[in-house]
Amino acid sequence: MVPLLLVLLLALVLFGAGFAVKVLWWVALAVLVLWLIGFVARPQGGGGRWYRW
């Protein structure tokens, strides 16, 4: 019974990690798109950066 529980726990952990990695890829893609939009839409006059840091 214990090995079966260990295998099920391992499968659950691997499934959760795979789902988290997929979510992180979507978050990274959204941040990249926002950065590109900000880079293109920056102010033309001052030559400064559009972000504050």
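Predicted model: local features only at pLDDT ≥ 70, side-chain atom pairs only at ≥ 80, totals over all residues.
- Helix H1 runs over residues 2-40, which gives 39 residues, and spans 57 Å from its first C-alpha to its last, close to the 57 Å expected at 1.5 Å a residue.
- H1 is hardly covered, since the count of buried residues among its 39 residues is one.

**The surface**
- The protein exposes about 5200 Å², and carbon and sulfur atoms supply 80% of that area.
- A nonpolar surface patch of about 1000 Å² is formed by Trp 26, Leu 29, Leu 32, Val 33, Leu 34, Trp 35, Leu 36, Ile 37, Phe 39 and Val 40.

**Leu 32**
- Leu 32, one of the residues that make the nonpolar patch, lies in helix H1.
- Leu 32 counts as partly exposed because its relative accessibility is 42%, which falls between the 20% limit for buried and the 50% limit for exposed.

Definitions and conventions
Residues numbered from 1 in each chain as written. Heavy atoms only, no water. Helix = DSSP H or I, 4+ residues; strand = E, 2+ residues; numbered from the N terminus. Expected span 1.5 Å × (residues − 1). Buried < 20%, exposed > 50% of the residue type's maximum accessible area, 1.4 Å probe, protein only. Areas by Shrake-Rupley, 256 points an atom, 1.4 Å probe, with all protein chains shown as cover. Patch = residues over 30% accessible without salt bridge, like charges linked within 9 Å, V, L, I, M, F, W, Y side chains within 5 Å. Salt bridge = Lys/Arg side-chain N within 4 Å of Asp/Glu carboxyl O.
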